[in-house]
Amino acid sequence: MPKRKVMIGFLGSQLDSGQGSGRWEKWRPTVSMAQHEDLVVDRIELLHAPGHIGLAEQVSRDIASASPQTEVRLAPMGVRDPWDFGEVYGALYDWVRTYDFDLDAEEYWVHITTGTHVGQICLFLLVESRFIPGVLLQTSPPKRQTRGNAGTYTLIDLDLSRYDDLARRFEQAQADALDFLKSGIATRNPAFNALIAEVERVAVRSRAPVLLTGPTGAGKSHLARRMYELKKARHQVAGDFVEVNCATLRGDGAASTLFGHKKGAFTGAAADRAGLLRAADGGVLFLDEIGELGADEQAMLLKAVEEKKFFPVGADREVASDFQLVAGTNRDLRLEVAAGRFREDLFARINLWSYTLPGLAERPEDLAPNIDHLLQRAGAELQQAVRFNTEARARYLAFAQSANAHWSGNFRDLSASITRLATLAEGGRIDTALVEAEILRLRWMWQRDAVDTSAQVDLAAVLGEESWQALDLFDQLQLQAVADVCRRSSSLSETGRRLFHRSRDKRQVVNDADRLRKYLLKHGLSWEQLR
């Protein structure tokens, strides 16, 4: 049995109007749906303003005259201002929530030819979000208006799964956005690719704060700028990208730099200063190393993020700035909160979307495409094509992916290394001799990671003097060495790779982090305690 056809739409206060017999010579969109010879609309839900009840009843009688099988239900909408989006959408939403949709027996056509533009948009949104489980109905007048000529109608189904070509376009647009965020680098690390895929969705759908954590040089600043550029390309921001390294902000000047000040607020304040938060109005504010902010600045920033308003230094009147905050840090802010160095309420506010960018050593499969990208960029700057020969590339890549390559500066180290190789390459060819020299330079540069004892972990303080003294000297020396490697590493996984760099090659299942975690747990320790 075919489903009953139900039309939902606004009364057209102008298009559906008409008096006397002459009204039948005029094309009226709502009435026309009852005039198609090959179509029977079983019911029309006619939405109308209370003040148009007379016209609604006239249209209802005309529909009954043209199509006695069609039932018309009048649905008054208590809307005072039909051009107020919030009011119209709210009224429609309330009506839809109480409407008894019967999908087994009825199909729903939502008429968007009549009503104000605001009303049409609201109906579109309700169909697109599936609050109204139907399709859009667009009607058009005949080329020549004559009595009984119903014109034409078109149905539009917003279920994009039915449109393969459109679906492919959306998939391609998303793939292009992911490629953009990754700077065109064909990264292969599954965890990193999954992270970037979620960042892309958040970047184009949300204006909430984003927190990027990870070691120095992991690409936090670069990713923040690419997020901004993606939003800019989608016309989601109109303001600037403003980047601030909070580690450079010290003393009284910190608040002034961020929030601005009034003339005479302090010694040396010879003129008003807008501050960087106001410079980011309508755009994106990237606060790198946010964990370095002082307590006063943290409190001021919390208000600015929550209310989009703040007081410049020395001001008695608030100013406004509507920016999206992206924060970066190489610290674990959870530990900073526990230690009382970072406000818990600010951390909760900026931690809605939190992403940890892995260090370069944690993405060995991504070294090759990044090397190619950096080499191409270095060649462009030098205005010549630069390439490895086969043996040199294999040697450099083998070292780069080995446990001996610390990449403590992450992409900064790799970028500097490739730049040196490209600059020294005779005729644009990087040979094995150049690679061996570069490896020696990197080994020398990273030696400080192995010999630096200034940051040695005080295990007696961590474990307690009594527990520390109860250990054999052998266990003390071993645990101290492990703790020092933990302190110099950016993650649990990186620490494990350094400590088990030989035995890991002999195992079928490699889980360095789990091995290290269990070892530390025997002594009642965690990797986070040793940082």
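**View 1. Helices α13 and α15 are oblique to each other****.** In this predicted model the axes of α13 and α15 come within 9 Å and cross at roughly 50°, and the pair is therefore classed as oblique (under 35 degrees is roughly parallel, over 145 roughly antiparallel, 65 to 115 roughly perpendicular, the rest oblique). Axes are lines fitted to C-alpha atoms, for helices over the stretch in contact, with angles from 0 to 180 degrees between N-to-C directions. The crossing is right-handed (the near helix is turned clockwise from the far one by less than a right angle). On α13 the contact (heavy atoms within 4.5 Å) is made by L367, N370, I371, L374, L375, R377, A378 and L382, and on α15 by F411, L414, S415, I418, A422 and T423. By class these are 10 nonpolar, 3 polar and 1 charged residues (Ala, Val, Leu, Ile, Met, Phe, Trp, Tyr, Cys and Pro count as nonpolar, Asp, Glu, Lys and Arg as charged, the others, Gly among them, as polar). Helices (H or I, at least four residues) and strands (E, at least two) are DSSP runs numbered from the N terminus.

**View 2. The second largest pocket has a volume of about 620 Å³****.** G217, A218, G219, H222 and F411 are the closest to its centre among 27 lining residues. Two or more lining residues come from each of α6 (190-205), α7 (220-233), α13 (367-382) and α15 (411-424). The lining divides into 9 nonpolar, 10 polar and 8 charged residues. A pocket is an open set of points on a 1 Å grid over the protein atoms alone, where a 1.4 Å probe fits, with protein on both sides within 12 Å along at least five of seven lines; lining residues have an atom within 4 Å of a point. Points are joined across faces, edges and corners, and the volume is the space filled by probe spheres set on them.

**View 3. The largest pocket has a volume of about 1,100 Å³****.** Its lining comprises 44 residues, with N330, S489, S490, W527 and R531 closest to the centre. At least two lining residues each come from β7 (210-213), α11 (333-338), β13 (353-356), α16 (432-451), α19 (473-488) and α20 (492-499). There are 14 nonpolar, 14 polar and 16 charged residues in this lining.

**View 4. Helix α8 is roughly parallel to α10****.** The axes of α8 (residues 252-259) and α10 (residues 295-307) come within 10 Å and cross at roughly 15°. Their crossing is right-handed. A254, A255 and F259 of α8 meet E297, M300, L301 and A304 of α10; 6 of the contact residues are nonpolar, none polar and 1 charged.

**Notes.** Residues are numbered from 1 along each chain as its sequence is written, and side-chain values use heavy atoms, without hydrogens or water. The model is predicted: local features need pLDDT of at least 70 and side-chain atom pairs count only at pLDDT 80 or more, while totals for chains, interfaces and linings use all residues.
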